Amino acid sequence: MKILLTGANGYIGMRLLPQLLDQGHEVVCAVRDQKRLSIDAETLSKISVVEVDFLDKYTPDVIPADIDVAYYLIHSMSSSTTDFDEKEAISAKNFNRYMNDTKVEQVIYLSGIVNDKDLSKHLRSRKNVEDILYKGGYNLTVLRAGIIVGSGSSSFEIIRDLCEKLPIMITPKWVLTKTQPIAIRDVIHFLTGVLGNKKTYNDSFDIGGPEVLTYKSMLEQYAKVRGIKIAIYTVPVMTPKLSSYWLYFVTSTSYKLAMNLVDSMKMEVVAKDDRIQQLLGLTPHSYTEAIQMAFVKIEQNLVISSWKDSMVSGRMNKNLKKYIQVPKFGVLKDEQHLKVDNPEKVLENIWKIGGETGWYYANWLWKIRGILDKFTGGVGLRRGRTHPDRIYAGDSLDFWRVLLADKKNKRLLLFAEMKLPGEAWLEFRIDDQNILHQTATFRPRGLKGRLYWYSIVPFHFFIFGGMIRNIAKVQP
């Protein structure tokens with residue numbers, strides 16, 4: 001079949017795409033910015049890509065008319081604490097208008113389990129989107145999931161951060177709320193299992209793992225699988241705002257996502273029935289199995305996608321095109337140049353920067369800068385990177401965002417997502433004479449921005465100098 005995959009660059013979309021291709025389908029990926037579709041060249045050659053932002057005005061003839069099935073995997077929960085529900089409604093209405101121009105027979109929507117009339121804003125928005133999609137001129141299949149557990153998922157990474165970093169936790173009472181976690185592998189099986197299945201048309205199904213657990217139990221079981229000793233004490237006085245700050249400072253999540261997650265964690269999320277399991281003949285994995293499978297991927301460096309690479313995990317809410325041209329006027333620079341003997345090996349060093357590798361010089365200072373960034377509302381260093389030596393445009397690298405990763409032309413361009421009185425770029429480039437160029441560019445915002453730059457010039461002198469020298473070092 002010819003399939004439209006919206007949200008193709010998101011956590012679920014990146015996992016679903018290879019499965020659809022393996023099944024022999026023709027896939028059209030709908031993304032806001034084609035330059036940040038984080039897939040390898042071989043996969044890119046097998047798909048078609050259309051640029052469309054469902055929050056913008058309708059543009060005719062963007063999506064092919066001969067679409068058979070479309071996946072709707074768009075959500076805006078992390079982008080705002082106030083108006084994400086309005087954005088999700090606009091997006092769904094515009095999607096319906098685009099689908100009116102196609103021959104699409106089925107639309108598959110991944111939503112959230114709704115158990116209560118008094119829903120969180122997040123779940124209420126998901127239900128509203130579901131209602132809007134049911135008005136479309138196609139057969140709708142809705143899969144409602146709760147907590148999704150897998151390498152790179154926001155829920156898994158938050159649990160991982162809490163257990164790995166806090167042997168003793170003072171937690172809010174929402175950790176006693178019941179939920180039904182499901183492995184990402186099972187979510188993908190359900191998403192592909194309903195594809196073209198007429199028995200699932202115009203119906204909504206809850207999907208969940210075999211266990212109903214509290215968030216506290218999820219933390220305890222994670223610790224048991226990992227061989228970690230933790231102690232959890234629950235207090236009734238922690239407000240939602242304080243809970244959000246707790247998640248924000250301890251884990252790699254953004255504050256916006258933390259706020260919306262805490263709002264949702266107060267609601268029970270339990271599947272009402274297992275109709276879809278019976279219909280498709282699928283038996284979901286247990287929670288502990290989901291954790292074990294996640295770590296197999298992590299340990300083998302096979303993590304396909306991570307929520308941290310989403311644009312909403314940082315400060316860039318628009319596409320990369322706005323920042324990819326580094327300004328030349330009205331800026332302050334630190335430029336370093338060094339002749340290298342083995343450019344290919346040096347390029348490998350550049351492509352490993354950030355995350356576990358660090359920044360090649362004075363990592364303790366980078367960590368302090370990350371802590372300060374967190375305390376001022378920034379992203380900090382905890383996002384790390386998804387893969388140890390592969391980089392794509394749009395990926396996060398600690399508190400930087402990848403604007404350009406052109407290995408063929410030996411150039412890497414990063415944009416700072418830390419809190420700054422201005423805008424900052426960091427570029428690495430090796431020219432035809434095998435000279436490594438390392439350039440930090442800062443466009444200050446007023447007098448405050450200039451004072452900031454000149455106050456850290458002494459640190460730049462040895463940090464950037466040490467960085468380029470260590471990057472240029474090649475192991476024999």
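Biologist: To begin, how many residues does helix H7 have, and how far does helix H7 reach from its first C-alpha to its last?

Modeller: Happy to! Please keep in mind that this is a predicted model. Helix H7 runs over residues 215-226, which makes 12 residues. From its first C-alpha to its last, H7 reaches 17 Å, close to the 16 Å expected at 1.5 Å a residue. Five names make up its buried set: Tyr 215, Met 218, Leu 219, Tyr 222 and Ala 223. Around the axis they cover an arc of only 135°, so they lie on the same side of H7. After H7 comes Gly 227, with a positive phi near 70°.

Now for the packing of other helices. Helix H12 (residues 343-351) packs with helix H14 (residues 446-472) at an angle of about 125°, and their axes are 8 Å apart. H12 and H14 are therefore oblique to each other. On the H12 side the contact is made by Val 346, Asn 349 and Ile 350, and on the H14 side by Asn 470, Ile 471 and Ala 472. By class, this contact has four nonpolar residues, two polar and no charged ones.

H14 also has helix H13 (residues 363-375) as a partner: their axes come within 11 Å and cross at roughly 145°. Here Leu 365, Trp 366 and Arg 369 of H13 meet Tyr 452, Phe 462, Ile 463 and Met 467 of H14. The residues in this contact divide into six nonpolar, no polar and one charged.

How values were computed
Residues numbered from 1 in each chain as written. Predicted model: local features only at pLDDT ≥ 70, side-chain atom pairs only at ≥ 80, totals over all residues. Heavy atoms only, no water. Helix = DSSP H or I, 4+ residues; strand = E, 2+ residues; numbered from the N terminus. Expected span 1.5 Å × (residues − 1). Buried < 20%, exposed > 50% of the residue type's maximum accessible area, 1.4 Å probe, protein only. Arc of directions from axis to C-beta. Axes fitted to C-alpha atoms, helices over the stretch in contact; angles between N-to-C directions. Parallel < 35°, antiparallel > 145°, perpendicular 65-115°, else oblique. Contact = heavy atoms within 4.5 Å. Nonpolar A, V, L, I, M, F, W, Y, C, P; charged D, E, K, R; others polar.
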